[in-house]
Amino acid sequence: MKALYQAGLNLSADRHAQEGGRVPVPPEKRFLAGYNVVWTAQSKHCGESMPCGGGDIGLNVWVENGELLLYLSRSGAFDENNLFPKLGRIRVALSPNPLGEGASFRQELKLNEGCIEILGAKEGLHARIDVWVDVFRPAVHIEIAASEPVTVDAAYENWRLTDHELNEDECDACRTFKQAPVPAVVHPDVVAFSQNQVLFHHRNRNTLAFDLCVEQQELNSVRNKLWNPLEGLTFGGTFYGEGMAAAGTTEGKYADTEFKAWHLKSKKPAREQKLVAALHVANTATAEAWREELETIVKDVAAHAATARQRTEEWWRQFWARSYIFVNADKPDPASPVWQIGRNYQIFRYQLGCNAYGGYPTKFNGGLFTFDPVYVDTRKPYSPDHRQWGGGSFTAQNQRLVYWPMLKSGDFDMLKPQFEFYRRALVNAETRSEVYWGIKGASFTEQIENFGLPVGFEYGWKRRPDFEKGVEDNAWLEYYWDTVFEICQMILDSRLYADADIRDYLPLIESCLAFFDEYYRLHAKRHNGKPLSEDGKLVLFPGSSLETYKGNVLNATPTLCALRSILRNIMELPEELLPDSRREHWRTLLVRIPDIAFRDMEGHKTISPAWQWDRIQNVDLPQLYPVYPWNFYGIGRPALEVAIDTWKYGADRTDQKQIVSWHQDAIFCARLGLTEEAATLTVQKMRDSDRRFPTWWGPGHDWVPDHNWGGSGMIGMQEMLMQTDGKKIYLLPAWPKDWNVVFKLHAPYNTVVEAVVKEGKVAHLKVTPKSRAKDVVQGMTSSS
């Protein structure tokens, strides 16, 4: 066992053997282990936890006061209030304790295996604890191996013990209830011993959040047509281990929250012990039906016990092999911010991989890895279930940045949760359009619940009497409903990159286009007597240029670019996907899209955020959306200088340029070939966070860990290395010459680009298929 402990202190023996042999070592095997996060001291609290996960499960893992603790989270677990609660906490203690006071200690996130390894030694007793999640079935595994027999006390802890009415600030975790006429009440879970297991679940007693939105938004007459994912939703699981027996309950308090613990204890001391938490989330007719499904999961876990870990590790190996960016990895220097950005790119991609197959998208405001909010903001002494900006609600502007980087990283299978989010909610968005305006098309607002209706708070509990029904009565969000087009573009791009079958999503794309066509023609006819302008164009009024340029907005630039891009792309689809009759319809709409506007700023022609607006409400830079995500300006495209001048002179406020959260500054500079600025901004954004775990960025504008912070940072790095325009592939358009890099990225037309860059020169380039090598253009940059 001493040898086992010592092996954990060394780098992989396999890696050394490969490096000493004649077989070339793939970069992901050569460099990835150097990015593992290693701690040699225990954590003070859950804010110093590590992420671990797989499939659609996320864990916060940490060791505190000699005990192992895990928060359990699984995609799709939403309660009646549309809160996104943890499924509980696990606490494991060993006796005698190799993690006790004075013990040597090591905790390592092992990226290549997707697991966390914990090593401890005290007074001759050595132990290793492995924590991992099965990618293919919803099971959390804790595997303990010790040099001498130990007794294991493993407790499941739950804090949802009685009805708890959330205060106004707590309602930020379920935003429909902010200022609502009824309170948000968190109801208790059901927890009990069952044959030496701890069985726990929560079954929604009602669908209060859904019902509130339906009533508030005057949709009761069509309630039966609407999709309601909260109805019958039950989530929870069972915690167990062979040789473990029920050992009573205790009570305690962690951070600011009281809890009750259900203990399992070893029947006798042993050198090895395996614990499992099998988790289940499902809409079922009864709680008993849910339990039967859970029993099936437990049997499946047992049936695959011999091969599950091997298959999971193979999944992670394939995940790392398909894409990577290693920066200065040949000269590891954890104190170097440039080295850190390469490491943090990989770690954050691991966080995204933990929800690869989620029933719902990875949430921008914490993903599966939130923790007690007092360790984010001391003014928030709430339960571990709390997060700002909603649990079951989604902010489209933020969500898109979590998913855009998956195209170039080749994580095409991981796009599905975001695509499905909108496809499932399509009927609700279309029903809104029918009820409010008598038109066809899908109306998706910016702040949206997981059932496709606007969040109650943003829709407005104190709406102005004369304000238009169906529109969010909110200073930041009114008439802001074009972000869905970025998801539509991702869908179209997934076909371009990987020949994805997008037939199931074409109704979504066409319905979103139909809404803008029908709504704005209807609105123009009501107010001007004509559905189109004098020159036959759509009049996109009233609109919104993101959350920033507001009030009587006419022809917002992001909206115009979105419509033009989607229409151009959809018309390139083959006949079997888009019949010619539909193609002609959309061609007519494309002709009706107005041109974007320009304005003079400090003597320079710049892109305007819209044709007109009344006020500036927030700090976005919509005038640069023609650069990203819509790709009308950039490397190799006409009028690049206009876009560069828009970056230099086109902002109306200095705080429109930032690096936190969803700000795209590094992406803009990379797309414009502004190497020095892109590098500076990327380092500021992607260097280590000010928390113990390096990618626990935030809260910024959002929460911790801020996933749209990491997503936008990933995009920036990808764009610095490689950009595409049609079939052209621009290599190193904004990459500093003194940053060595090894990368593998994906491009359209089933293309993979692998390169080694040293001292500003491409030392190795591999393009797959080889026929695409002729499309590579190297080294196009602009001066700052």
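Two strands count as paired if DSSP finds at least two bridges between them. In this predicted model, strand β22 (residues 549–553) meets that condition with β25, because two bridges join them. The two strands run antiparallel. Within β25, Arg615 is the bridge partner of Lys550.

This pair belongs to an open sheet of three strands, ordered β21-β22-β25, with antiparallel pairing. The edges are taken by β21 (543–545) and β25 (615–616), each of which has a single partner strand, so one side of each is left without a neighbour in the sheet.

The loop between α14 (506–528) and β21 contains Pro542. The peptide bond from Phe541 to Pro542 is cis, with omega near -5°. Another cis bond runs from Thr768 to Pro769, with omega near 0°. Pro769 also sits in a loop, between β30 (761–768) and β31 (776–778).

Backbone angles of two further residues deserve a look. Gln179 is not a glycine, yet its phi is positive, at about 65°. Its place is the loop between β10 (164–165) and β11 (185–186). Ala255, likewise not a glycine, has a positive phi of about 55°, and lies in the loop between β15 (244–254) and β16 (257–266).

Gln179 has a relative accessible area of 39%, so Gln179 is partly exposed. Ala255, with a relative accessible area of 28%, is partly exposed as well.

Key
Residues numbered from 1 in each chain as written. Predicted model: local features only at pLDDT ≥ 70, side-chain atom pairs only at ≥ 80, totals over all residues. Heavy atoms only, no water. Helix = DSSP H or I, 4+ residues; strand = E, 2+ residues; numbered from the N terminus. Buried < 20%, exposed > 50% of the residue type's maximum accessible area, 1.4 Å probe, protein only.
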